[in-house]
Each structure stands twice: as C-alpha cells, then as structure tokens.
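Please read them with the structure open.

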Amino acid sequence: MSRPLAIFGGTFDPIHLGHLSVAWEASELLDAEVRLMPASVPPHRSSPLANAQQRVAMLKAALQKQSRLTLDTRELERSGPSYTIDTLTELRKEQGDRPLVLLLGVDAFAGLPSWHRWRQLFDVTHIGVLSRPGVQVTLPDTLLAEIATRRTDDPSTLHATPAGKVTELSVTPLEISATRIRELLAEGRDPRYLLPCGLFDDPSILAPYRNR
Ligand code: ATP
C-alpha cells in the first residue's frame, strides 16, 4: 500500500501557524502527505475576507520549501459549497487504493452525524481525529456505535487498508485562531510570529485584512 494521503480542510482566512503545526504533526504521526484544502463557501459561516485567489496566494507562500504539506484547490474551483463526501469520493477515484485520511478536530468529529451522507465517508476514507491534551468532547451515541469496530490506537494500521478506520492523533495545541489574526491586522498590529514568515515576503499579501 502506498503512503497515505490526508486531507485538512478549512477556510484558511488566513493560514496561520496553528494550522501548519497541526497538519505537520499529523503528517508525521501518520507518515502521510497532508493536503491543505481551502473551502469555497463554508455552509455554516460568513464569507472569508480574502477571496479564493488571495487565500491560495497565502497558502502557496506558507507552503514553500517543504514537501510534507501540499495544496489542493479543487473545492475553490467548483461553484458553490462542496460536501465532504463528494470531495472524498472524487479523490478515491483518482487515488485508487491509496489510503485516504480525513483530518478533523475532535469538535468537528463529534458533529459528524449531522453531515450529508456521513456514514458513507467510512467507505472512502479513514478519519484522523485531532485531539488536544485537556480537551474532552462527548461523542454522540450514534457516532460511538458506528466507530466501535473501526477504532485503532496505532496510526500505522491506516497504511494497510484504503478506508474505514478511525484513529486519534494527539497534537500540540497552539492557541492561534484566524479570527484573532484578522482582529490584530484590522487594528494595524503585526502578528508576525503567529503567521508563517512567507506571508511577509510580499507586503500586499495581507492587504485584505488591513485598514478595515
Ligand atoms: P476562524 O478563526 O476564522 O474560525 P480558524 O483559525 O479556526 O479560523 P479554519 O480555517 O476555520 O481556521 O480552520 C481549519 C481547520 O484548522 C479546522 O479544522 C480548525 O479546527 C483547525 N484549527 C484552526 N486553528 C487551530 C489551532 N490553533 N490548533 C489546531 N487546529 C486548528
């Protein structure tokens, strides 16, 4: 079986070191390529301040000079919001039997039963649940029943099958949010060490958040 491909979705408005360090650690724990997948119009939240092109420019600047983390812009290229099941089904067709791993924060994972065709996700992908030390979330009974036979403590077992398992990935918490970064930039502050240094190479790259 080949090296797994893991997917880490988000708005990335803007990409920050919290995203990158979680994605990096997940990549190490799974020995996987991790693709950052920016979402176009998230159904549950307001529009990003930066448009799709600007967010892609920031992601490209952030991902320079390393190859563990890559970029996949397919959801931005579609019109309207994307269901995760459709994106993962498309990836499954492209990737053959390669293990796929959907990375979800533990809070997002707890809400999985409200997602469109959520049970079918396990036919096409594994799920890596990003837990944070000290954060306890109660999983609903429907989800606990679904994952009872799918859970594994050993992330390397995800290399042996294309889909269907759930594993917990314990990652280092960094208290950084894009909301806070947008606030700082709007106030004219300079959150230099919360953002990847590539975002400061081109002074125009953070313009969508300044002088608002
Ligand atoms: P916002 O503040 O605008 O809601 P965000 O910083 O939470 O944004 P998103 O683009 O919404 O960023 O997040 C993408 C993914 O990254 C989500 O799964 C989110 O839970 C996760 N994430 C964001 N910040 C962190 C962080 N500091 N540590 C771990 N995971 C994070």
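1. In which sense do strand E1 (residues 5-10) and strand E2 (residues 33-38) pair, and over how many bridges? The two strands pair in the parallel sense over 6 bridges, with Met37 of E2 as the bridge partner of Gly9. Strands here are DSSP runs of E with at least two residues, helices are runs of H or I with at least four residues, and both are numbered from the N terminus; two strands pair if DSSP finds at least two bridges between them.

2. On the basis of the model, this is a predicted structure, in which local features need pLDDT of at least 70 and side-chain atom pairs count only at pLDDT 80 or more, while totals for chains, interfaces and linings use all residues. Residues are numbered from 1 along each chain as its sequence is written, and side-chain values use heavy atoms, with hydrogens and water left out.

3. The open sheet has 7 strands in the order E3-E2-E1-E4-E5-E7-E6, with parallel pairing, and its edge strands, strand E3 (69-71) and E6, each pair on one side only. E2 and E3 are joined in the parallel sense by 3 bridges, with Leu69 of E3 as the bridge partner of Val34. E1 also runs parallel to strand E4 (residues 100-105), to which 3 bridges join it, and Ile7 stands opposite Leu102 in E4.

4. E1, helix H1 (residues 17-30) and E2 make a right-handed β-α-β unit, where right-handed says that, with the strands pointing away from the viewer, the path from the first strand over the helix to the second runs clockwise.

5. Leu36 deserves a separate look. Not counting residues up to four places away in sequence, Leu36 touches (heavy atoms within 4.5 Å) residues including Phe8, Phe12, Ile15, Leu20 and Leu69.
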